Each structure stands twice: as structure tokens, then as C-alpha cells.
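Subject: Structure handover

Hello,

Here is the structure I said I would pass on. Please look through it first; my notes follow below.

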Amino acid sequence: MSIYKLKNCREQDKEQLIDFIRKYWQEDHAFVKSDEILKFQHYDKRIKEYSFILGFNTISNEIDGIISLIPLSHFDHKLKKYNETWGGIWKVRDDVKNDEIGLLGIQLFEAFKKYTSHGSIGMSKIAVRLHRIMRYKICELNQYYLLNSEMNEFKIGCIPDDYMFSKDTDESNYTIRKIINIRNIPEESVKCNYKPTKSITYLFNRFQNHPIYKYSFFGIYENTSKLHTIIVTRSIEVNNSKIIRIVDVFGALEKLNSIKSCLIMLLKNEKAEYIDIMNFGLAPEVFTKLGFKKLSLNGEIIIPHYFEPFIQKNILIKAAYKSPYNYIMFKADSDQDRPNLIDLK
């Protein structure tokens with residue numbers, strides 16, 4: 001009989017879960033410092049459980065391993081029919097020695113088998129190796145950017161002094177307008193073209209209702225009236241400067257022509273150094289047609305990825321997924337774009 005019992009994390013297990021994360025994952029992790037963030041991302045008040053699977057040692061009465069799930073239906077219960085999820089923390093204790101601990105990580109991971117699709121972003125070398133063992137497709141997110149040509153000094157990105165800004169402009173039939181309340185956009189007004197499936201309600205609960213981060217929604221309108229696509233952005237300020245990051249997209253970027261002039265106007269209005277977007281699943285040509293440039297990780301230009309803490313270097317972001325259809329990932333998917341440095345003052 002196995003010494004391990006796999007169980008869902010109930011309310012009464014929360015303190016033991018937090019203690020595990022503190023001791024064996026990251027001492028100052030956001031979930032350790034902020035109950036609000038933990039609940040926002042993982043607590044299901046309908047069933048009074050956190051979306052973690054615990055590897056409970058029935059002999060020591062301790063948790064020896066955990067894995068976290070983020071069903072897309074967590075942010076819109078109507079998405080439950082699609083049966084899709086993302087992963088987050090996956091950790092087995094290194095200090096435990098017994099005959100079964102070596103298989104506990106695989107046993108925990110099997111929680112994802114019941115889902116139609118599953119994806120994870122931002123993985124260590126060990127996580128990549130384990131995902132390969134589980135026959136997941138390993139991939140990398142591409143990063144694209146558009147610089148503000150009116151900036152006199154770049155304090156966040158690193159741009160060579162002799163960088164030549166393109167003077168070409170598009171005669172776009174699109175406009176970009178800020179959406180103050182995403183709830184005012186009817187569900188049927190924009191089609192969700194990407195998998196895994198999201199919704200307007202998902203956007204509202206995942207972004208507009210975020211307890212710490214402030215997100216903005218911009219509608220891309222065709223011929224000034226028809227709402228075509230919605231982009232979700234977050235502004236980040238470092239070194240007395242600002243950038244804009246597109247963290248999610250609802251609609252179909254590949255059906256758009258160039259929106260470069262619209263993006264440049266947004267950059268100028270916001271006085272931001274650049275706007276960037278990370279993606280897997282769409283061809284690079286989609287973004288270059290829109291007006292972006294693809295970042296070369298080994299090139300002279302640096303478009304930072306990490307901001308908490310800020311690291312001024314290009315970063316390779318690994319991801320993995322298992323899906324029966326074309327899988328599309330953006331920056332805010334999985335447990336990405338989550339606060340890491342939390343000030344409790």
C-alpha cells in the first residue's frame with residue numbers, strides 16, 4: 001500500500017500548503033506573502049478548495065509534493081465545458097528519502113490527464129525534462145516589440161545609439177480605443193479565435209478584477225465602428241520610465257493588416273519607451289505585418305522580460321503543452337504575469 005495519498009487542497013490544508021511553499025519552493029513567494037493573490041488565482045469558493053493537488057505522506061503526516069492547476073473556468077464558470085487548464089508550481093521535496101518519492105512528481109502530474117488541453121509557461125530545465133517524459137510538446141515564446149521613435153533616452157530597453165527608426169507609415173483603416181469597462185462589451189461582439197478558449201467574462205475576472213495589477217483594455221476597431229480584436233495591456237514603470245506590455249489578445253491578430261500607426265500613437269500618448277508582446281502559436285509574419293519586430297535574444301537590442309526584480313537582459317522563455325488543436329499562448333497565460341515582489345507596508 002502506498003504511503004502517499006493524493007488529495008485536493010481544502011481550506012483546512014491551506015496553512016500546510018503555504019508552509020510547504022515557504023520551505024521548499026520560495027521563502028518570499030507571492031502566495032506566502034499575499035493570501036489575496038493565492039485566493040485570486042487558486043481558490044474556488046463554490047467548493048471551498050484551492051486548485052492544488054497535495055502529495056500527502058500518511059506516515060509523517062506532512063506534504064511531500066504539490067502541483068497547482070489553473071482551470072480557465074476559474075475565471076468564467078461557463079468555460080468548464082472546454083475542460084482546459086494551465087499549470088503552475090510543481091515541486092517534490094528533495095530532503096525526503098523513501099522508495100516512493102521518486103515517482104511522486106509523476107503521480108501528481110497525472111492530475112492533468114483528465115483535461116482536454118494543458119499548458120505551462122516559464123519552466124526550469126528540470127521541468128522541461130519532466131514534461132518531455134510526459135510526452136508534452138516543448139516550445140519557446142517569441143517576443144516582439146515596437147519602439148517609440150520620440151524617446152530621447154531609453155532607460156528600460158537597451159537600444160544602440162545608431163539604431164535607425166523606420167519612417168514607413170501605414171494607411172490603416174483601424175483605430176485603437178480604450179475600453180473602460182470590459183463588462184460593457186457583449187460576449188458575441190468579438191469571436192474567440194484561439195485555443196484554449198477564453199471569453200469576455202474571463203477577461204473581466206482575470207484582468208479587470210485583479211487585486212494588485214492594473215490592466216487596460218484596448219479595442220481594435222475596423223473602419224472606426226466594428227470591434228475586431230481586444231488587446232489586454234499592462235504598463236510597467238522602472239527607472240522613471242515606462243513600457244507597455246500586451247499580455248493577452250482576444251480576437252484574431254492574423255486577420256488584421258498593419259496597425260503600426262495606431263500603436264505608435266498609443267506609445268506617444270502614454271510616453272512609453274516601447275510596446276511588446278510575447279506569443280507562441282502564431283507565425284512571426286503575423287506580428288511583423290502588424291508593425292512589430294521580432295526580438296533576437298542574442299542581438300544588440302535588449303527588451304527585458306523580468307521586472308520583479310528588474311533584469312535588463314533578454315530572456316528565453318520555455319513552455320510546454322499537450323493539446324488536440326493548435327495551441328496559442330500569450331504572456332498572461334499559465335501562472336505568468338503574476339506579482340512577484342509584494343510590498344506589505
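In these notes, buried means under 20% relative accessible area, exposed means over 50%, and partly exposed is in between, with a 1.4 Å probe and protein chains only. Helices (H or I, at least four residues) and strands (E, at least two) are DSSP runs, numbered from the N terminus. The model is predicted, so local features need pLDDT of at least 70 and side-chain atom pairs count only at pLDDT 80 or more, while totals for chains, interfaces and linings use all residues. Residues are numbered from 1 along each chain as its sequence is written, and side-chain values use heavy atoms, with hydrogens and water left out.

Helix 5

Which residues of helix 5 (residues 125-133) are buried? They are Ala127, Val128 and His131. Arg135, which follows helix 5, has a positive phi, near 65°.

Helix 7

The buried residues of helix 7 (residues 260-270) are Lys260, Cys262, Leu263, Leu266 and Leu267. They fall within an arc of 165° seen down the axis, so they line one face of helix 7. They pack against strand 8 (142-147), strand 9 (174-179), strand 10, strand 12, strand 13 and helix 8 (284-290). Lys260 has a relative accessible area of 11%. Leaving aside neighbours within four places in sequence, Lys260 is in contact (heavy atoms within 4.5 Å) with Leu146, Ser166, Asp168, Asp170, Leu290 and Gly291. Just after helix 7, Lys271 takes a positive phi of about 55°.

Nonpolar cores

A nonpolar core is a set of buried Ala, Val, Leu, Ile, Met, Phe, Trp, Tyr and Cys residues joined through side-chain atoms within 4.5 Å. The largest has 36 residues, and those touching the most other members are Ile182, Tyr202, Leu203, Phe207, Phe217, Ile230 and Met329. Its largest share, five residues, comes from helix 6. A second, separate core of 29 residues includes Leu146, Ile176, Ile220 and Leu290.

Pockets

On a 1 Å grid over the protein atoms alone, a pocket is an open set of points where a 1.4 Å probe fits, with protein on both sides within 12 Å along at least five of seven lines; lining residues have an atom within 4 Å of a point. Grid points are joined across faces, edges and corners, and a volume is the space filled by probe spheres set on the points.

The largest pocket holds about 1,300 Å³ of space. Of its 49 lining residues, Trp25, Gly88, Gly122, Met123 and Ser124 lie nearest its centre. Strand 5 gives the most to this lining, with six residues.

The second largest pocket has a volume of about 910 Å³. It is lined by 30 residues, of which His42, Tyr43, Asp44, Arg46 and His74 lie nearest its centre. Strand 3 (49-57) gives the most to that lining, with five residues.

Regards

How values were computed
The arc is that of the directions from the helix axis to the C-beta atoms.
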